[in-house]
Amino acid sequence: MAQNVYGPGVRIGNWNEDVYLEEELMKDFLEKRDKGQLLIQRNRRMKEMFLRPTQLSVSEDGFVHIGDKVMLVNPDHPELDADLFLSGDLSLCLTPDEIRAHLSDQFEVPCGLSAAPTVSPVGRNTFTLLSGDGEATGQVLRYGQNFRLGITGGFEDKTLFLSSDHRTLLRSSKRSWLQEVYLTDEVSHLSCWQAAFPDPRLRLEQEGLPIPANASILIYHCHTNRALVAHRHLFLRTYFGKEAEVAAHTHLDSHGVEKPRNHWMLVTGSPRADSPTMLDMRRPPVEGTHAPAQAGPGPSDRRECSPPVGSAEASSFGPAWSTLLK
């Protein structure tokens, strides 16, 4: 009984068109590869730019200055009212749109932000402190002084500024629906920020004093008076994976004090060669160096702690002892 058995060399159907189509696809692939337009090549170049190691400024006097390159780090803290998604120190990072990043070698503006557990200085988390009122480069940055935060993202020909604006129905943060924080290339009043002392009882006294490096501060937006915040319990799907959301909102506790999620540190570089930032300089205390706890006076020591019985000697301890001894 005859059967229609065809081998791989048998040409049936539109075989000629299929051969030419495969040749055109191969030519198109080779042409894009030579020009560097393949998707994997774009992703590799983009990640090399964003993840390129950078050098932070080293503070010699313990303060931050105009023109310094720093990292904005939200220090680790326990969250009691929400389940943590990311723990540890989180740094403020540039986050391009995932779809737009696949279509172009340049990130488009406005660009998003996120908080990632990246404590090494790279292109996407290194910010430059810029003057907001025309101060010269190198001057000490003070509490209550306007400043801007610029980032290049690894590209030397483009600088983006940390900005924010009032929440609207069309513009808000993606997960919390609060005031959005973004990066733009426009210099305006929307990109001005101020630093405040975390303790509200000493905030007025610290106004105008230099801002210490690697210390917790509050960063307020001048136009909206909202503090920069990292929401560790709200994650975003970014170009680099799951990261925490960043917004502009002041979270207060029952005492009217800003919560630790609003605290940030301007981290500078380390003078040591083995540690890129001052975060690596924080070491737990060595065991055995703590001072022993002093116990309260026992029954045999009460006689030594009691004041003298004489009236002349008792008067030297104040009127309270003289009244009790009468």
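## About the model

Residues are numbered from 1 along each chain as its sequence is written, and side-chain values use heavy atoms, with hydrogens and water left out. Because the model is predicted, local features need pLDDT of at least 70 and side-chain atom pairs count only at pLDDT 80 or more, while totals for chains, interfaces and linings use all residues.

Let's start on the surface, where Glu17, Asp18, Glu22, Glu23 and Glu24 gather in a patch of negative charge. Patch members have over 30% relative accessible area and no salt bridge, and like charges are joined within 9 Å. Asp and Glu count as negative, and the place of a charge is taken as CG of Asp or CD of Glu.

Glu22 lies in helix α1, residues 15–35 (helices are DSSP runs of H or I with at least four residues, strands are runs of E with at least two, numbered from the N terminus). With 58% relative accessibility, Glu22 counts as exposed (buried means under 20% relative accessible area, exposed over 50%, partly exposed in between, using a 1.4 Å probe and protein chains only).

Side chains of opposite charge can pair when their charged atoms come close. How many salt bridges does the structure hold? There are 8 salt bridges, each being a side-chain nitrogen of Lys or Arg within 4 Å of a carboxyl oxygen of Asp or Glu.

One of them joins Lys35 and Glu31, whose closest N and O atoms are 3.3 Å apart. Both residues lie in helix α1, 4 residues apart, which is about one turn of the helix. Lys35 is exposed at 54% relative accessibility, while Glu31 is partly exposed at 41%. Asp34 also forms a salt bridge, with Arg33, and there the closest N and O atoms are 4.0 Å apart.

## A buried pair

Now look at Arg124 and Glu243, whose side chains meet in a salt bridge of 3.2 Å, N to O. Arg124 sits in the loop between β3 (112–116) and β4 (127–131) and Glu243 in strand β11 (residues 241–248), so this pair ties together parts that are 119 residues apart in sequence. Are these two residues buried or exposed? Both Arg124 and Glu243 are buried.

## Helix α2

Helix α2 covers residues 39–50, and its 12 residues should span 16 Å at 1.5 Å a residue (the expected span is 1.5 Å times one less than the number of residues). The end C-alpha atoms are 17 Å apart, which agrees. Within α2, Gln41, Asn43, Met46 and Phe50 are buried.

Technical notes. Patches are made of residues with over 30% relative accessible area and no salt bridge: like charges are joined within 9 Å, nonpolar side chains (Val, Leu, Ile, Met, Phe, Trp, Tyr) within 5 Å. Accessible areas come from the Shrake-Rupley method with a 1.4 Å probe; for residues, only the protein chains shown count as cover.
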